[in-house]
Amino acid sequence: QVQLVESGGGLVQAGGSLRVSCAASGRAFSTYNMGWFRQAPGAERVTVAHISGSGGSAYYVDSVKGRFTISRDNAKNTVYLQMNSLKAEDTAVYYCAAGAQLGAAMIPRYWGQGTQVTVSS
């Protein structure tokens, strides 16, 4: 069992930066592929980025490439999402997930409770 707790969301102006964090409890954190997903009002939850257990490889959805960076610290059981050059369309609830990688996709198994990110234009 893995429990995930996100933090760091908030309100930021367009063009600004924000970093969200996800702390995991439980065992074998480094064996999980970790990811960030987001869900805007009235929309489905979609992948933003995910990272391999070692941190050696990462995937980004096209809309955030060059602006967002996912990273992890296995010694701290924490995964981060650094978000730069934020746009109004990045406004959503951001969810952390732990799971497995399947090809270029991530299959979530455990979810955090989500943290709200609001970008004002």
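A residue is called buried here when its relative accessible area is under 20%, exposed when that value is over 50%, and partly exposed in between. The structure treated in these exercises is a predicted model.

**Exercise 1. Describe the overall make-up of the chain, from its secondary structure to its extent and its surface.**

Step 1. Begin with the elements: the chain contains zero helices and 11 strands, so that, read from the N terminus, the order of elements is β-β-β-β-β-β-β-β-β-β-β.

Step 2. Turn next to the extent of the chain. Its radius of gyration is 13 Å, which is close to the 14 Å that the globule rule gives for 121 residues, and the chain is therefore as compact as a globular protein of that length. The C-alpha trace spans about 40 × 25 × 25 Å along the principal axes.

Step 3. Apply the burial cut-off given above: 42% of the 121 residues in the chain are buried. The chain exposes about 6,100 Å², and carbon and sulfur atoms supply 49% of that area.

Step 4. Finally, consider the contacts. Of those between residues at least 6 apart in sequence, 55% join residues at least 24 apart.

**Exercise 2. Characterise strand 4 through its burial and its pairings.**

Step 1. Strand 4 is mostly covered, since six of its seven residues are buried.

Step 2. On one pairing, strand 4 runs antiparallel to strand 9 over seven bridges, and within this pairing Trp36 has Cys96 of strand 9 as its bridge partner.

Step 3. On another, strand 4 is joined to strand 5 by five bridges, again in the antiparallel sense; here the bridge partner of Phe37 is Thr47 in strand 5. The hairpin of strand 4 and strand 5 has six residues between the strands, and in this hairpin Gly42 takes a positive phi near 75°.

Step 4. Beyond its neighbours up to four places away in sequence, Arg38 touches several charged residues and others, including Glu44, Arg45, Glu89, Asp90 and Tyr94.

**Exercise 3. Identify the members of the largest nonpolar core that touch the most other members, and follow the surroundings of Tyr94 and Ile70.**

Step 1. The largest nonpolar core holds 29 residues, of which Leu4, Met34, Trp36, Leu81, Met83 and Tyr94 touch the most other members. Strand 3, strand 4, strand 5, strand 7, strand 8, strand 9 and strand 11 each supply at least two residues of this core.

Step 2. When residues up to four places away in sequence are not counted, the contacts of Tyr94 include Trp36, Leu81 and Met83, as well as Glu6, Arg38 and Val117.

Step 3. Ile70 lies in strand 7 and has a relative accessible area of 4%, so it is buried. Leaving aside neighbours within four places in sequence, Ile70 is in contact with Met34, Trp36 and Leu81, among others. The C-alpha atoms of Ile70 and Arg19 are 9.7 Å apart, while 51 residues separate the two in sequence.

**Exercise 4. Locate the disulfide and give its handedness.**

Step 1. The count comes to one disulfide, and it joins Cys22 to Cys96 with an S to S distance of 2.1 Å.

Step 2. The torsion about the S-S bond of Cys22 and Cys96 is about -75°, and the disulfide is therefore left-handed.

Step 3. The pair links distant parts of the chain, as Cys22 lies in strand 3 and Cys96 in strand 9, 74 residues apart. Both Cys22 and Cys96 are buried.

**Exercise 5. Examine Ala28 and Ser85, each of which has a positive phi without being a glycine.**

Step 1. For Ala28, phi is about 60°, and its place is in the loop between strand 3 and strand 4. With a relative accessible area of 42%, Ala28 is partly exposed.

Step 2. For Ser85, phi is near 50°, and this residue lies in the loop between strand 8 and strand 9. Its relative accessibility of 40% lies between the 20% and 50% cut-offs, so Ser85 counts as partly exposed.

Notes:
Residues numbered from 1 in each chain as written. Predicted model: local features only at pLDDT ≥ 70, side-chain atom pairs only at ≥ 80, totals over all residues. Heavy atoms only, no water. Helix = DSSP H or I, 4+ residues; strand = E, 2+ residues; numbered from the N terminus. Buried < 20%, exposed > 50% of the residue type's maximum accessible area, 1.4 Å probe, protein only. Core = buried A, V, L, I, M, F, W, Y, C linked by side-chain atoms within 4.5 Å. Contact = heavy atoms within 4.5 Å. Pairing = 2+ DSSP bridges. Rg over C-alpha atoms; globule rule 2.2 N^0.38 Å. Areas by Shrake-Rupley, 256 points an atom, 1.4 Å probe, with all protein chains shown as cover. Disulfide = S-S within 2.5 Å.
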